[in-house]
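Dear colleague,

I am handing over the structure we spoke about, and below it you will find my notes on what turned up in it. Please read them with the coordinates open beside you.

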Amino acid sequence: KLSISLPSDVRLKTDIKVTSKSPSGLNIYSFKYKGDDKTYQGVMAQEVPWASSIAENGYLQVDYSKVDVQFKRLN
């Protein structure tokens with residue numbers, strides 16, 4: 001899998017809803033990024049510290065190759 005870190009800090013998101021759980025028990029969320037009307041699926045960086053790092057902007061990002069949740073756009 002490609003190791004791509006995506007912004008996943010709860011402080012960057014709005015309309016956050018738990019939609020399901022991954023096979024390993026992680027919460028899977030639908031959410032929007034603030035200022036963006038598109039809806040995405042993913043995790044909250046604060047809940048996956050082993051897969052999170054701090055980006056240059058100071059917000060947490062997630063390396064999705066380390067979690068069993070797929071980041072994707074829903075609409």
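To begin with the strands, β1 and β6 pair in the antiparallel sense, and 3 bridges join them; within this pairing, Pro-7 stands opposite Gln-61 of β6. Please keep in mind throughout that this is a predicted model. The two strands belong to an open sheet of 3 strands, ordered β1-β6-β5 with antiparallel pairing, in which β1 (5-7) and β5 (52-54) are the edge strands, each of them pairing on one side only. From one strand to the next, the twist averages 35 degrees.

The aromatic side chains come next, with a count of 6 aromatic pairs. In one of these, the ring centres of Phe-31 and Phe-71 are 6.4 Å apart and the planes stand at 45 degrees, so the pair is classed as tilted, given that stacked pairs need planes under 30 degrees apart and edge-to-face pairs over 60. Ring pairs join Phe-31 and Phe-71 with Tyr-33, Tyr-40 and Tyr-64 into a cluster. Phe-31 has a further contact, in that the charged end of Lys-13 sits over its ring, 3.8 Å from the centre.

As for charged pairs, the structure holds 3 salt bridges. In one of them the side chains of Asp-9 and Arg-11 meet at 2.7 Å, taken from N to O; here Asp-9 is buried, with a relative accessible area of 0%, whereas Arg-11 is partly exposed, with 47%. Another is formed by Lys-32 and Asp-15, whose closest N and O atoms are 3.4 Å apart, and this pair again links distant parts of the chain, Lys-32 being in strand β3 and Asp-15 in strand β2 (residues 13-21), 17 residues apart. Both of these side chains belong to partly exposed residues, Lys-32 with a relative accessible area of 23% and Asp-15 with 41%. There is also a salt bridge in which the side chains of Asp-36 and Lys-38 meet at 3.2 Å, N to O, and of these Lys-38 is partly exposed, with a relative accessible area of 26%.

Notes. Residues numbered from 1 in each chain as written. Predicted model: local features only at pLDDT ≥ 70, side-chain atom pairs only at ≥ 80, totals over all residues. Heavy atoms only, no water. Phe/Tyr/Trp six-rings, centres within 6.5 Å; stacked < 30°, edge-to-face > 60°. Lys NZ or Arg CZ within 6 Å of the ring centre and 35° of its normal. Pairing = 2+ DSSP bridges. Helix = DSSP H or I, 4+ residues; strand = E, 2+ residues; numbered from the N terminus. Axes fitted to C-alpha atoms, helices over the stretch in contact; angles between N-to-C directions. Salt bridge = Lys/Arg side-chain N within 4 Å of Asp/Glu carboxyl O. Buried < 20%, exposed > 50% of the residue type's maximum accessible area, 1.4 Å probe, protein only.
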